[in-house]
Amino acid sequence: QVLFALNQTLLQHESLRAGSLQAPYTTEDLIKHYNCGDLNAVIFNHDTSQVPNFINTTLPPHEQVTAQEIDSYFRQELIYKRNERMGRRVMALLRENTEKSFFFAFGAGHFLGNNTVIDVLRQAGFEVEHTPPGQPI
């Protein structure tokens, strides 16, 4: 599975470089939507953009199964569980230090799609607000 994932990742990068494959969004798109507090816009309305897309309908059936297994593993282990851990750490700090103010910064990928750090906090009853650029905190 590791060899398959590496080969698929390399093939995707080669296709992007050659221009035969287009990225689903640009860095500028990410920045624009992040600044607007709209990371769940249509281009990001999938589980995550942090996970490489191994699922490809041109793959033979046995490789499609492998791709699905790897995709599920990455989503669960690298995204959902990590966001859950990060959310729990934030909650612990907030609950243990009610008299203090905190500023938490995460990479933009932790705010993309479903099961984000923000989702974890909101599901636990915390209120999370977006602060647009230039607005005082």
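Let's start in helix α3, where Glu-84 and Arg-88 sit four residues apart, so about one helical turn separates them. These two form a salt bridge. Their closest N and O atoms are 3.7 Å apart. That counts because the cut-off is 4 Å. Keep in mind that this is a predicted model.

How exposed are the partners? Glu-84 is partly exposed, at 33% relative accessible area. Arg-88 is partly exposed too, with 44% relative accessibility.

How many salt bridges does a search of the whole structure find? Two. The other one joins Glu-77 to Lys-81. Here the closest N and O atoms are 2.9 Å apart. Again we are in helix α3, which covers residues 61-96. Glu-77 and Lys-81 are four residues apart, so the separation is about one helical turn. On accessibility, Glu-77 has a relative accessible area of 30%, which makes this residue partly exposed. Lys-81 comes in at 37%, also partly exposed.

Now the aromatics. The count is one aromatic pair. Which residues make the pair, and how are their rings arranged? They are Phe-102 and Phe-104. The ring centres lie 5.5 Å apart, and the planes meet at 10°, so the pair is stacked. The angle qualifies because stacked means planes under 30 degrees apart.

Phe-102 is partly exposed, with 33% relative accessibility. Phe-104 is partly exposed as well, at 29%.

To recap: two salt bridges across the whole structure, and one aromatic pair.

Terms used: Residues numbered from 1 in each chain as written. Predicted model: local features only at pLDDT ≥ 70, side-chain atom pairs only at ≥ 80, totals over all residues. Heavy atoms only, no water. Salt bridge = Lys/Arg side-chain N within 4 Å of Asp/Glu carboxyl O. Helix = DSSP H or I, 4+ residues; strand = E, 2+ residues; numbered from the N terminus. Buried < 20%, exposed > 50% of the residue type's maximum accessible area, 1.4 Å probe, protein only. Phe/Tyr/Trp six-rings, centres within 6.5 Å; stacked < 30°, edge-to-face > 60°.
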